[in-house]
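Please look first at the sequence and the model together, and keep both in view while reading.

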Amino acid sequence: MERTLVLLKPDAVERRLVGRILGLYEEKGLQITALKMLKPSRELVEAHYAEHKDKPFFAELVTYLTRGMVCALIIEGENVIKTVRKINGATDPAEAEMGSIRGLFALTKNENLVHASDSPESAEREIKLWFSQG
Ligand code: CMP
């Protein structure tokens with residue numbers, strides 16, 4: 001059984017899409033095993049996106065993630081990392097399959113609603129960051 005870290009970013013919360021997005025993961029048969037709402041600190045977001053720190057969009061990305069509430073989830077299931085990334089759709093919503101979260105609800109890659117871990121190693125690192133207390 002695999003697990004992954006998913007974030008519903010501030011635009012998802014602001015647009016009241018949390019319920020619909022959680023429904024898509026659940027209807028697929030995946031299990032949400034942890035869930036919390038938080039306004040993440042700059043330190044947490046910078047650590048989460050450390051691999052992007054030299055990218056031109058890094059400052060904008062940190063401002064976006066820290067501007068409001070985020071819903072952080074742990075989801076478990078067989079092949080969950082690949083499956084959740086498929087449900088989320090391509091990073092660029094213009095490329096995302098219609099029916100995916102980004103295909104259905106997002107327009108631009110700087111506000112693309114969701115994040116999901118891209119490997120088992122990233123998942124364990126990201127779960128530790130977002131769910132370090134208990
Ligand atoms: P995510 O899957 O969380 O991984 C990195 C994030 O950086 C990505 O989703 C987008 O929110 C953001 N991102 C990626 N490419 C760009 C870009 N060209 N401009 C702005 N933000 C981007």
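**From one histidine outward**

Leaving aside its neighbours within four places in sequence, H115 is in contact with L5, V6, L7, K9, H48, Y49, N88, R102 and E126, where contact means heavy atoms within 4.5 Å. This is a predicted model, in which local features need pLDDT of at least 70 and side-chain atom pairs count only at pLDDT 80 or more, while totals for chains, interfaces and linings use all residues. Residues are numbered from 1 along each chain as its sequence is written, and side-chain values use heavy atoms, with hydrogens and water left out.

H115 sits in strand β4, residues 114–116; strands (E, at least two residues) and helices (H or I, at least four) are DSSP runs, numbered from the N terminus. H115 counts as buried because its relative accessibility is 12%, the cut-offs being under 20% relative accessible area for buried, over 50% for exposed and partly exposed in between, with a 1.4 Å probe and protein chains only. The side chain of H115 also makes a polar contact with the side chain of H48, at 3.3 Å. A polar contact is a pair of N or O atoms within 3.5 Å; within protein, one must be able to donate a hydrogen and the other to accept it, and residues adjacent in sequence count only if both atoms are side-chain atoms.

To which sheet does β4 belong, and in what order do the strands lie? Four strands form an open sheet in the order β2-β3-β1-β4, with antiparallel pairing, where two strands pair if DSSP finds at least two bridges between them. β2 (31–38) and β4 are the edge strands, each pairing on one side only. Direction ignored, neighbouring strands of this sheet are turned by 20° against each other on average. Strand β1 (residues 2–8) is joined to β4 by three bridges in an antiparallel arrangement, and in β4 the bridge partner of L8 is V114. With strand β3 (residues 70–77), β1 pairs in the antiparallel sense over seven bridges; here L7 stands opposite A72, and R3 has E76 as its bridge partner. β1 is mostly covered, five of its seven residues being buried.

Helix α5 (residues 80–88) lies across β1, β3 and β4 and runs at about 30° to β1; axes are lines fitted to C-alpha atoms, for helices over the stretch in contact, and angles run from 0 to 180 degrees between N-to-C directions. In the loop between β3 and α5 is N79, whose phi is near 50°, a positive value in a residue other than glycine. Helix α4 (residues 58–66) has F58, L61, V62, Y64, L65 and T66 buried, and what covers these buried residues includes α1, α3 (42–48) and β3.

The ligand brings the account back to H115. Around the ligand are K9, Y49, H52, F57, L61, T91, R102, K109, N110, N112 and H115, a residue being near a molecule if one of its heavy atoms lies within 4 Å of it. An oxygen atom of the ligand is 3.0 Å from an N or O atom in the side chain of H115. Polar side-chain atoms of Y49 and N112 also lie by ligand oxygen atoms, at 2.5 Å for Y49 and 3.1 Å for N112. Taken alone the ligand exposes 460 Å², of which the protein buries 83%, with accessible areas from the Shrake-Rupley method and a 1.4 Å probe; for residues, only the protein chains shown count as cover.
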